[in-house]
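Below is a short briefing on one chain and its ligands.

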Amino acid sequence: MFDLIKARLGHGYQAVKDPTTATLDPAYQGFPQILREDAEDFAAAAKSCPTGAIAAYSMDLGKCIFCGLCSRNFPRTFSFANEHQTGASSREALIVHKGLSFQEYRERAIAPSPSFAKICKYSLALRNVCAGGCNACELELNACNNVNFDMGRYGIEVVASPRHADAVIVTGPLTRNMAFALEQTYRAIPEPKVVILNGSCAISGGIFAESPALERSFLERYAACLYLPGCPVHPLNLISSLMRLLGRCK
Ligand code: SF4
Ligand code: SF4
């Protein structure tokens, strides 16, 4: 018995202390930086980008899959920093231009929702619908509940029934086969409720955007309140973005 207690004490506190201030390895590809507006580089990078995330002098975080092709091929024009808090509460905020610093992006990207925070500030239940994803986004969502990230300590949890949920968190590109299930899940959630789009697939279709197997009209009927860029979305991005949406970040 005492040995067990000793071993447990030896484990110490294993969770990331504060997901909103935690930093990642410098090699992590998080927030992009457009270093210069070079027409040739942009044209070539746009041609090779697998998701069409690069347009004239901008990058769309809702489409980017963070493959790093552009920064490897054109390092004088594109680079990625390790800042992971890229969640945004509007689709427009995901467009990055030259000179936009991470601090500026972060300040404008998420507008806390006072009405939602009033109801869900200390208890937020998420129902996940995997709408045709590759399962990596779902694995990272699962990881949010493990001992390392421990989302539950903030009262945020993934629940089994939409009847117990406050939000539907959608992963995957929204396939035709999952359209009915997604609609029914959303309708089963009691009001007030919100939609969260997790990953480039959910936000834009990602690498599947051109597929005829997609049916994304759900997003025309229901507006999302949070967009989480990534492929997959890092747990720290997910947790810190939710905390900011709920007005729980200092
Ligand atoms: S890192 Fe993003 S913008 Fe660059 S090539 Fe890959 S998907 Fe396109
Ligand atoms: S965004 Fe990337 S990791 Fe997430 S479901 Fe799509 S392909 Fe998979």
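**Five-stranded sheet**

Five strands form an open sheet with parallel pairing, in the order β7-β6-β8-β9-β10. Strands (E, at least two residues) and helices (H or I, at least four residues) are DSSP runs numbered from the N terminus, and two strands pair if DSSP finds at least two bridges between them. The model is predicted: local features need pLDDT of at least 70, side-chain atom pairs count only at pLDDT 80 or more, and totals for chains, interfaces and linings use all residues. Residues are numbered from 1 along each chain as its sequence is written, while chains are lettered from A and ligands numbered from 1 in the order in which they are written.

- The edges are held by β7 (156-158) and β10 (224-228); each has a single partner strand, so one side of each is left without a neighbour in the sheet.
- On average, neighbouring strands of this sheet are turned by 25° against each other, direction ignored; axes here are lines fitted to C-alpha atoms, for helices over the stretch in contact, and angles run from 0 to 180 degrees between N-to-C directions.
- Three bridges link strand β6 (residues 124-130) to β7 in the parallel sense, and Leu126 stands opposite Val158 in β7.
- Helix α6 (residues 136-143) packs on the sheet and touches β6, β7, β8 (167-171) and β9 (194-198); contact between two residues requires C-beta atoms, placed from the backbone, within 7 Å.
- The direction of α6 makes about 135° with that of β8.
- Helix α10 (residues 235-245) also packs on the sheet, touching β6, β7, β9 and β10, and its direction makes about 150° with that of β10.

**Three-stranded sheet**

- Another open sheet has three strands in the order β2-β3-β5, with antiparallel pairing.
- Its edge strands are β2 (54-55) and β5, each of which pairs on one side only.
- β2 and strand β3 (residues 58-60) run antiparallel and are joined by two bridges; Ile54 has Met59 in β3 as its bridge partner.

**Domains**

- The domain assignment gives domain 1 (32-109) and domain 2 (114-245); such bounds come from an automatic or database domain assignment.
- The centres of domain 1 and domain 2, taken over C-alpha atoms, are separated by 23 Å.
- Domain 1 contributes 16 residues to the contact and domain 2 contributes 19 residues.
- On the side of domain 1 that touches domain 2, seven residues are nonpolar, seven polar and two charged; Ala, Val, Leu, Ile, Met, Phe, Trp, Tyr, Cys and Pro count as nonpolar, Asp, Glu, Lys and Arg as charged, and the others, Gly among them, as polar.

**Ligand shells**

- Ligand 1 has 13 residues around it, of which Cys49, Cys64, Cys67, Leu69 and Cys70 come nearest; a residue is near a molecule if its C-beta atom, placed from the backbone, lies within 6 Å of it.
- The shell around ligand 1 has 11 nonpolar, two polar and no charged residues.
- Around ligand 2 there are 14 residues, with Gly133, Cys137, Gly199, Cys201 and Cys231 coming nearest.
- At least two residues of the shell around ligand 2 are supplied by each of α6 and α8 (200-204).
- By class, the ligand 2 shell has eight nonpolar, six polar and no charged residues.

**Glu83**

- Glu83 lies in the loop between β4 (78-80) and β5 (95-97).
- Not counting residues up to four places away in sequence, Glu83 touches Gly30, Phe31 and Phe102.
- Leu24 is 59 residues from Glu83 in sequence, with 7.3 Å between their C-alpha atoms.
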